[in-house]
Protein chains: 2
Amino acid sequence: MTRSSGRFIIAVDAMGGDYAPDEVIKGAVEASRDSEIEIVLVGPEETLHNKLSQYRGSDTSVRCVNASEHIQEGEPPALVLRQKRDASILVATKMVKKGEADAVVSAGPTGAVVASALMVLGMVEGVERPAFGGTPVGITRDSILLDCGGNVDCKPEHLLSFAVIGTVYVKNLMGIENPTVALLSVGSEEGKGNELVKESYPLFRNSGLNFIGNAEGNDIISGKANVIVCDGFTGNVLLKFCEGFGSSINQWLRAKLAGKLPHDERDEICRELFSITNTADIVGGVPLLGVNGNAIVMHGRSRAPLFTSAINCARDMVRSGFVESLNSELIRTRRQLKNVVD
Amino acid sequence: MTRSSGRFIIAVDAMGGDYAPDEVIKGAVEASRDSEIEIVLVGPEETLHNKLSQYRGSDTSVRCVNASEHIQEGEPPALVLRQKRDASILVATKMVKKGEADAVVSAGPTGAVVASALMVLGMVEGVERPAFGGTPVGITRDSILLDCGGNVDCKPEHLLSFAVIGTVYVKNLMGIENPTVALLSVGSEEGKGNELVKESYPLFRNSGLNFIGNAEGNDIISGKANVIVCDGFTGNVLLKFCEGFGSSINQWLRAKLAGKLPHDERDEICRELFSITNTADIVGGVPLLGVNGNAIVMHGRSRAPLFTSAINCARDMVRSGFVESLNSELIRTRRQLKNVVD
């Protein structure tokens, strides 16, 4: 999907995040140096213009669109979105709906970003709630685990939709043809697992996806499959466990290496270990997968470089035609399963 | 619980494990040097006697009891236990039932050890299936996560029984008074979690246990609570994830430190990292918690030192009166909940 201008228009919620708007603007200006990217900063126009004027020479591909309000951490998303009709996240998301932008990026409160996306863009057919894909450990390449987010109580058809989402994500954004798919379980053989996994197994086998069976906890690291599917409860616990584990191993290693290595070498190893285990802090943003439009939600504590990389991620999603591919693949899977049943 | 002899009698399945009987005997002889421990090796008596005769001077506290058969990896446990009535694991477990031993230790196939325990000893009232307690990361002291094992589909009352089991375990075996208990979830506030966690929350709050609310994935590492409770699916995935993660971080670190540290220093750090992340390989055995008798199941690949430590673990369980304490605490919890309802 490309515009006649050849540019991808990314609407950025300039008021979202702990360091908004300064770090947002800085990151957006940096991202706009890419000739494929055009940025629309959404927020109080005058303030944004003033701040933007510090960055001379880069103003050609950064525009501002006014939004007089914004949503703060702790405000109940559904309620506040109805009250603050001019909230920056809402205005930015509506630009995507109206075709004025190709994607929205925000570091505002996750609940508000998700609620805006649901309200304004809706979900693609066959997916109920947005899924979050995660790469718990940076050592594992070409592999994602999902759902790591909001879908804590799942039915087999939800797991199947994650499998389709993951397949399209890995294919379109990691460039892997025919990605392998596995179900996370407590044993590799068919028949091992909880009720959810056991009921999902035949659905996966008949889906036409490249399903290779069950994966166990350790297989997440070895990258047994490109797409590893689990309910959002298990995925979320795993992702947070990994972050805590990484931080704690980091401290341990720092102490172990004290006095044995020069400071800078030790720091480099520890920094790398942190980035391997806290992938969310490195990536900055995650796409709301399954939403009928491109939306990226970021950590509130993100600084400028993470805004740049989240905007780049949005560009990649648009360029790869993620939402269109997802729709096609979901239709294909439904037909395939229908044929098996008939 | 002490015998008139002042010794704890541990029945050891001499034929269980990949290196049986040699490594079993070696480990058992070593454990028998503890004046509190009396070992009964269960297996083909003549073979065991011959092998035991190599260890002079230690024969006073190691006896043999004959069992002509044993169960191999891959044999269907329930079926084979009915056919092989003289299987070593069955004979050893029956000794506990008859009061001829205080505990049974086996590195035989897990399914067979669990099935023997269920068949011969049964469960304490209020617990349906044995739970496995795990310490995913060795950095975390004074804390266990359970269930990490067989209970993949749980109801709130199962989670509560894990909480009681964990409380008694931590109290009796780690010497912690009034252990804190948390429910593993996707957010720390009440109301966050899947249906299972949300339904369990009020049960936990009214149980009279020292319940401190929800814990998240990272809290497992920080040891937010002494007892962290989850369903066996989540616990098992976490434990295996941690093992895989540890092995993989270990390789990464070994490569990073190559040429930067002397070989022996590097090996020591990497060895320690392995033992932090693969606690199951270090501990050797885990008690079948909730069984109405003391039973320890070990990894099949265990060598002599792990048999020694598993036997010591059995001794500690017996000495602490674990099963009796568990029965009392379960009765207390049931009464407490009944009072809340009435």
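B:Gly284 touches B:Val297, B:Met298, B:His299, B:Ser302 and B:Leu306, leaving aside residues up to four places away in sequence; contact means heavy atoms within 4.5 Å. B:Gly284 sits in the loop between helix H11 (279-283) and strand S10 (285-287) of chain B. Helices (H or I, at least four residues) and strands (E, at least two) are DSSP runs, numbered from the N terminus.

This is a predicted model: local features need pLDDT of at least 70, side-chain atom pairs count only at pLDDT 80 or more, and totals for chains, interfaces and linings use all residues. Residues are numbered from 1 along each chain as its sequence is written, chains are lettered from A and ligands numbered from 1 in the order in which they are written, and side-chain values use heavy atoms, with hydrogens and water left out.

**Two buried sites in chain B**

- B:Gly284 is buried, at 5% relative accessible area. Buried means under 20% relative accessible area, exposed over 50%, and partly exposed in between (1.4 Å probe, protein chains only).
- B:Glu329 belongs to helix H13 (residues 322-341) of chain B. Its relative accessible area is 11%, so B:Glu329 is buried.
- The side chain of B:Glu329 makes a polar contact with the side chain of B:Arg332 (3.0 Å). A polar contact is a pair of N or O atoms within 3.5 Å; within protein, one must be able to donate a hydrogen and the other to accept it, and residues adjacent in sequence count only if both atoms are side-chain atoms.
- B:Glu329 also touches B:Val164, B:Val168, B:Lys171 and B:Leu209, not counting residues up to four places away in sequence.

**Symmetry of the two chains**

- A rotation of 180° with 0.0 Å of shift along its axis superposes chain B on chain A, with an RMSD of 0.0 Å. The two copies are thus related as by a two-fold rotation axis.
- In chain B, the C-alpha nearest the axis belongs to B:Thr234, 2.9 Å from it.
- Both copies use the same surface: 100% of the contact residues of chain B recur in chain A.
- Superposition is by least squares on the C-alpha atoms of residues with pLDDT of at least 70 in both copies.

**Interface between chains A and B**

- 43 residues of chain B are in contact with 43 residues of chain A.
- The buried area is about 3900 Å², and carbon and sulfur atoms give 76% of it. Buried area is the accessible area (1.4 Å probe) that two parts lose on being put together, summed over both.
- The rule finds four salt bridges across this interface. A salt bridge is a side-chain nitrogen of Lys or Arg within 4 Å of a carboxyl oxygen of Asp or Glu.
- Ten residue pairs across the interface are in polar contact, both at pLDDT 80 or more.
- On the side of chain B that touches chain A, the elements giving two or more residues are helix H7 (195-205), helix H8 (219-222), helix H9 (232-257) and helix H10 (263-277) of chain B. H9(B) gives the largest share, 17 residues.

**Salt bridges**

- Over all chains, the count comes to 30 salt bridges.
- A:Lys240 and B:Glu216 meet through their side chains at 2.5 Å, N to O. The pair crosses from helix H9 (residues 232-257) of chain A to the loop between S8 and H8 of chain B. B:Glu216 counts as buried at 17% relative accessibility.
- A:Glu272 forms a salt bridge with B:Lys256, with the closest N and O atoms 3.0 Å apart. This pair runs from helix H10 (residues 263-277) of chain A to helix H9 of chain B. A:Glu272 is partly exposed at 27% relative accessibility, and B:Lys256 is partly exposed at 26%.
- B:Lys84 and B:Glu75 form a salt bridge at 3.1 Å, N to O. B:Lys84 is buried at 17%, whereas B:Glu75 is partly exposed at 24%.
- A:Asp34, A:Glu36, A:Arg315, A:Asp316 and A:Arg319 are linked in a salt-bridge network.

**Strands**

- In strand S4 (residues 103-106) of chain A, A:Ala103 and A:Val105 point one way, A:Val104 and A:Ser106 the other, and all are buried.
- Strand S1 (residues 8-13) of chain A pairs with S4(A) in the parallel sense over three bridges. Strands pair if DSSP finds at least two bridges between them.
- A:Val104 stands opposite A:Ala11, and its bridge partner in S11(A) is A:Ala295.
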